Amino acid sequence: QEKLTKEEGLRYIRDYIEQAETLIDGLEPYPISLQIIFWIRFIIKYEIQDDQINHILGKHLIRLFNHIEYHLLGNHLMENSFALIFGGLYFSNDAIFEKGKSILIQELKEQILNDGGHFEYSPMDHDILLYRLLDVYNLVSLNTNEESFKSILSENIQRMLSWSRQMTFKNYRRSYFNDSTQEIAPSFEVLKDYAERLEIKTDLNLELSESGFRKIQGGHFECIIDIGKVGASYIPGHAHNDALSFELFIKGKPFLINTGISTYNNDEQRSLERSTLAHNTI
């Protein structure tokens, strides 16, 4: 939230701390992971020193350390690893940092495909994870001498950025395959600019392959087609009934598109947006 002021952010944090004992859902590993990442980003930005905030952060970091989401895997596990890296560096705790680093290296091998796509095939989630990876690279560069780790991060950032470029139309609109919509993840241009500021190369241009998408361009036409399988095979929670669906833009304007998503609630709207009816296919 770029326009969030220091005062407003602190008010939200204080409100959370006052209600911490009753916020049961907030103690799940996934929201804890996001909380750790964004609180630390906020604290660093405004140079905040507050023992009460640090106490809550430390308490939740230990809880996350002991409750990694190995049962859910996928992007949840990657978010856990990002939070452990953030928290480990913030509190100068080598054990926590090393655990996050170890999980992240392993999951990058598992989850990032040869063409740079994330194995759950959601362009939106892909860009969220890429943004997080850029943050980790930034943090590690400023606070460690982990050159080998930085090299692994840089290589994956370059491949993921290539995939993001391929899955974005010329008017900078993200494609709506699987769980995707606008204004949730940073745009390709924002991601590219961040990478350039970190002096990471952004000119890698891999062809779409293993992720199961293909892009056809010519004249005024741009078309992205899904010819792949449901992914990931063991956690298909972000997959849609969209086999052989496509999106077609003409002169930079959407002509035939998938509907995208508006909710994660388990209701009729969610079922409709994941159905074949909501996609350009038979």
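This is a predicted model: local features need pLDDT of at least 70, side-chain atom pairs count only at pLDDT 80 or more; totals for chains, interfaces and linings use all residues.

User: Which side chain does Arg-173 meet in a salt bridge?

Analyst: A salt bridge here needs a Lys or Arg side-chain nitrogen within 4 Å of an Asp or Glu carboxyl oxygen. Arg-173 pairs with Glu-247 at 3.2 Å, N to O. Glu-247 is buried too, with a relative accessible area of 0%.

User: Where do Glu-247 and Arg-173 lie?

Analyst: Glu-247 is in strand S3, while Arg-173 is in the loop between H7 and helix H8, so the pair ties together parts 74 residues apart in sequence.

User: How many salt bridges are there in the count?

Analyst: The count is 14. Among them is Glu-79 with Arg-132, at 2.9 Å. Glu-79 sits in helix H4 and Arg-132 in helix H6, so this pair links parts 53 residues apart. Glu-79 is buried at 1%, and Arg-132 is buried at 5%.

User: What separates Glu-155 and Arg-159 in helix H7?

Analyst: About one helical turn, as they are 4 residues apart. Their salt bridge is 2.6 Å, N to O. Glu-155 is partly exposed at 38%, whereas Arg-159 is buried at 14%.

User: Which residues are linked in a network of salt bridges?

Analyst: Glu-98, Lys-101 and Glu-146 are linked that way.

Key: Residues are numbered from 1 along each chain as its sequence is written. Side-chain values use heavy atoms; hydrogens and water are left out. Helices (H or I, at least four residues) and strands (E, at least two) are DSSP runs, numbered from the N terminus. Buried means under 20% relative accessible area, exposed over 50%, partly exposed in between (1.4 Å probe, protein chains only).
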